[in-house]
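Welcome! Keep the structure in view as you read.

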Amino acid sequence: MQMRRGWAVAALTFACGGGRGDAVVDAMPPTLSYSLFVQAQQPARTDPPIVFIDGAQRDSLLADFPDTASAAASSHDIELRVGSAVVATMTLDVGQDMLDCFGVGSAMPVVSFREDLCDFETGDLRYASNECETVGGVSVGDGFCIPRCQSDQQCGSGARCSSIVTLQDPLYSHVGCAPIGSAAIGSGCTFTAGSDGMYDDCVAGAVCVDGTCLEQCAAGSGCGSGSCTAVDGEPVQLCR
């Protein structure tokens with residue numbers, strides 16, 4: 001069965017008034033604007049996760065702050081839920097993210113700040129990019145919606161880059177590091193609960209699908225090419 005590949009963009013904008021090149025910031029109240037938009041490839045998944053922002057089911061958030069310090073002290077919790085189950089979470093620390101974007105030590109008045117997230121309907125949230133503007137110019141950073149790992153080497157000794165399952169029925173998962181198991185390709189497999197979800201006991205280069213360790217497609221093969229098949233609910237990078 002083919003998996004729906006989806007993504008969403010969350011835009012966080014902080015405005016303090018004043019225009020680019022203006023030496024004086026005007027008295028307009030700053031605005032912290034957060035919005036989340038979902039766009040997906042077909043075929044659409046029949047049971048997509050629902051986006052919650054700060055505990056409320058919604059795809060946008062608007063808030064006003066009296067000054068930059070108040071906005072910088074804020075944070076926002078984003079969740080993907082399936083029924084009562086939370087399959088992915090991310091917290092945006094606005095103050096730290098602003099520092100990361102502007103650069104530590106920047107004293108320029110803030111004009112705007114934007115953060116983008118990727119929401120995969122397999123059950124994954126990833127950082128996409130940010131854009132911050134001061135009276136001195138614009139800084140843009142790009143996270144490219146990169147998963148937590150892209151190779152076994154990134155996970156360290158005794159670990160592999162694999163699928164971390166947050167809900168089994170229906171299946172929701174994300175890419176993450178897991179211990180290398182002992183179950184060979186073609187053998188039966190089981191799951192163990194970890195801090196970030198459940199991981200299987202398959203060897204490196206394999207993942208548990210419907211109770212059997214299956215070999216992952218070679219990097220770059222792409223889902224749908226040759227014998228590589230996307231699995232509904234599995235990360236798009238981990239074809240079987």
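Two strands count as paired if DSSP finds at least two bridges between them. With that in mind, look at strand β6 (residues 75–82) and β7, which pair in the antiparallel sense over eight bridges. Please remember throughout that this is a predicted model.

**The four-stranded sheet**

- β6 and β7 belong to an open sheet of four strands, in the order β4-β3-β6-β7, with antiparallel pairing.
- The edges of this sheet are β4 (56–57) and β7 (85–93), each of which pairs on one side only.
- Helix α2 (residues 94–102) packs on the sheet and touches β6 and β7. The direction of α2 makes about 60 degrees with that of β7.

**A second pairing**

- Strand β9 (residues 124–134) and strand β10 (residues 137–142) run antiparallel and are joined by six bridges.
- Within this pairing, cysteine 132 stands opposite serine 139 in β10.
- Why is β9 described as largely enclosed by the rest of the structure? Nine of its 11 residues are buried, so the rest of the structure largely encloses it.

**Nonpolar cores**

- Which residues touch the most other members of the largest nonpolar core? They are Ile78, Leu80, Val87 and Leu125, in a core of 14 residues.
- β3 (50–53), β6 and β7 are the elements that give two or more residues to this core. The most come from β7, which gives four residues.
- Setting aside neighbours within four places in sequence, valine 87 is in contact with Pro49, Leu80, Val82, Gly123, Thr166, Leu167 and Tyr172.
- Another core, of six residues, lies apart from the largest one; among its members are Cys189, Cys202, Cys208 and Cys213.

- Valine 165 sits in strand β11 (residues 159–167). Its relative accessible area is 2%, so valine 165 is buried.
- Beyond its neighbours within four places in sequence, valine 165 is in contact with Leu171, Tyr172, Ser173, Phe191, Gly197 and Met198.
- Valine 165 and phenylalanine 191 are 26 residues apart along the chain, and their C-alpha atoms are separated by 8.8 Å.
- Glutamate 234 is in the segment after β16 (212–215). Is glutamate 234 buried or exposed? With 2% relative accessibility, it counts as buried, because buried means under 20% relative accessible area.
- The side chains of glutamate 234 and serine 163 are joined by a polar contact of 2.7 Å.

**Salt bridges**

- How many salt bridges does a search of the whole structure find? The search finds six.
- Aspartate 200 forms one with arginine 160, and their closest N and O atoms are 2.7 Å apart. This pair links distant parts of the chain: aspartate 200 is in strand β14 (residues 197–200) and arginine 160 is in strand β11, 40 residues apart.
- Aspartate 200 is buried, at 2% relative accessible area, and arginine 160 is buried too, at 1%.
- Arginine 81 forms a salt bridge with glutamate 79, with 2.7 Å between the closest N and O atoms. Arginine 81 is partly exposed, with a relative accessible area of 21%.
- Aspartate 116 forms a salt bridge with arginine 114, with the closest N and O atoms 3.0 Å apart. Aspartate 116 is buried at 11% relative accessible area, whereas arginine 114 is partly exposed at 32%.

Notes:
Residues numbered from 1 in each chain as written. Predicted model: local features only at pLDDT ≥ 70, side-chain atom pairs only at ≥ 80, totals over all residues. Heavy atoms only, no water. Buried < 20%, exposed > 50% of the residue type's maximum accessible area, 1.4 Å probe, protein only. Contact = heavy atoms within 4.5 Å. Axes fitted to C-alpha atoms, helices over the stretch in contact; angles between N-to-C directions. Core = buried A, V, L, I, M, F, W, Y, C linked by side-chain atoms within 4.5 Å. Polar contact = N/O pair within 3.5 Å; in protein donor to acceptor, adjacent residues only side chain to side chain. Salt bridge = Lys/Arg side-chain N within 4 Å of Asp/Glu carboxyl O.
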